[in-house]
Amino acid sequence: MGPRLAWAPGIGDHARPAGLPRPSGGSTARTAGDPGVPLSLSGSGPDEFPTPAPPDPHQASRGPSPDGDRASMESFIHETAILEDDVAIGEGTRVYSQVHIRKGVQIGSETLIGEKSYIAYDVRIGDFCKINAFVYICNGVTLEDGVMVGAHTTFTNDRFPRAANWEVSEILPSARTEEKMLTRVRRGATLGAGCCIAPGITIGEFATVGMSSVVIHDVGPHLLVAGNPARRLGYVCRCGWRVATFVHGPEFDLKEQGVRCGNCGSALRWKAGGEIECLADEA
Ligand SMILES: CC(C)(COP(=O)(O)OP(=O)(O)OC[C@H]1O[C@@H](n2cnc3c(N)ncnc32)[C@H](O)[C@@H]1OP(=O)(O)O)[C@@H](O)C(=O)NCCC(=O)NCCS
């Protein structure tokens with residue numbers, strides 16, 4: 001028997017703890033057509049990137065770290081960050097100390113790149129993303145809008161890697177080959193701290209990967225997965241709150257009833273075909 005979906009005891013239907021800020025309702029995602037937004041990755045396929053027209057990152061303000069709690073998001077690139085050629089960075093994006101961004105990377109607006117992170121060539125990162133410190137993002141990765149990547153998370157793109165040819169007489173090139181696999185983290189998803197993501201993975205919209213997980217299979221939208229290898233624990237709302245837990249048995253109840261988030265009041269519903277929609281503010 002497959003896993004059954006049930007209400008998470010004391011989680012899905014209890015009230016938000018006092019003091020926890022209510023998540024802002026409605027979508028703030030902007031589209032590629034909005035002025036000043038060079039890149040929007042929501043729902044776009046690998047070949048559907050709008051051509052970005054970002055400010056020149058080499059012209060963005062450079063210097064030591066600014067005050068952390070500034071209300072407005074100004075573009076900022078720390079003086080110790082390395083940006084190679086053809087890097088596009090959107091308005092309000094902040095790149096902190098000792099970040100290395102390789103050639104051809106495109107980063108959207110109001111995104112944070114934490115210190116000592118490495119972003120390989122041609123990576124795409126959307127608007128409103130948070131990349132914490134010490135993150136390794138390899139070639140072939142796309143992060144859509146609103147993605148969070150916890151500290152020390154590592155992406156991979158080569159399933160059977162070798163440093164040298166089989167005679168061990170020549171180092172192999174690092175440029176992308178047909179064997180290199182593409183990974184996509186969809187809009188609003190979160191990867192906890194210290195995760196490792198296998199090559200060629202898709203992580204669905206608003207999914208959450210628990211800290212220190214090793215993700216070797218695709219993760220569906222709104223799923224909560226964790227562990228090594230990462231396994232399904234339940235479902236999370238768009239706001240990140242766990243709304244359901246898997247238990248043993250047939251997987252029926254929740255999909256028929258839907259789930260209401262105990263934190264933000266959104267309703268998660270399953271449409272025919274298994275697609276999930278999250279309807280805000282129905283409380
Ligand atoms: C995955 C996560 C969201 C689950 O939180 P939760 O819903 O409160 O879950 P609980 O702590 O009640 O744990 C539920 C079950 O999942 C397991 N679990 C939770 N987190 C896990 C993880 N990271 N890896 C493996 N198992 C995990 C627990 O052992 C527990 O199993 P059990 O029921 O058999 O005892 C949370 O543990 C997590 O990893 N959050 C991300 C934190 C992070 O990295 N933040 C980065 C920015 S600071």
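This is a predicted model: local features need pLDDT of at least 70, side-chain atom pairs count only at pLDDT 80 or more; totals for chains, interfaces and linings use all residues.
View 1. Together, β27 and β28 make a hairpin, with five residues between them. Look in the turn for glycine 273, which has a positive phi of about 95°.

**View 2. Six strands line up in an open sheet.** Follow the order β5-β8-β11-β14-β17-β20 and you will find parallel pairing. At the edges are β5 and β20 (202-203), each of which pairs on one side only. As a reminder, strands of a sheet pair through backbone hydrogen bonds, either parallel or antiparallel.

**View 3. Strands β8 and β11 sit side by side in the parallel sense.** Here, β8 (residues 106-107) pairs with β11 (residues 124-125) over two bridges. Try to spot isoleucine 107, which stands opposite isoleucine 125 of β11.

**View 4. The largest nonpolar core holds 59 residues.** Ile137, Val209, Val215, Tyr235, Cys237 and Val243 are the residues with the most contacts inside this core. Several elements give two or more residues to the core, among them β3 (76-78), β14 (141-143), β24 (231-236) and β25 (242-248). The largest share, three residues, comes from β23.

**View 5. Isoleucine 137 and the residues it touches.** Leaving aside residues up to four places away in sequence, isoleucine 137 touches Tyr118, Ile119, Ala120, Val123 and Phe155. You have met isoleucine 137 already: Ile137 is among the residues with the most contacts inside the largest nonpolar core.

Conventions: Residues are numbered from 1 along each chain as its sequence is written. A nonpolar core is a set of buried Ala, Val, Leu, Ile, Met, Phe, Trp, Tyr and Cys residues joined through C-beta atoms within 7 Å. A residue is buried if 20 or more other C-beta atoms lie within 10 Å of its own, exposed if 12 or fewer, and partly exposed in between; C-beta atoms are placed from the backbone. Helices (H or I, at least four residues) and strands (E, at least two) are DSSP runs, numbered from the N terminus. Two residues are in contact if their C-beta atoms, placed from the backbone, lie within 7 Å. Two strands pair if DSSP finds at least two bridges between them.
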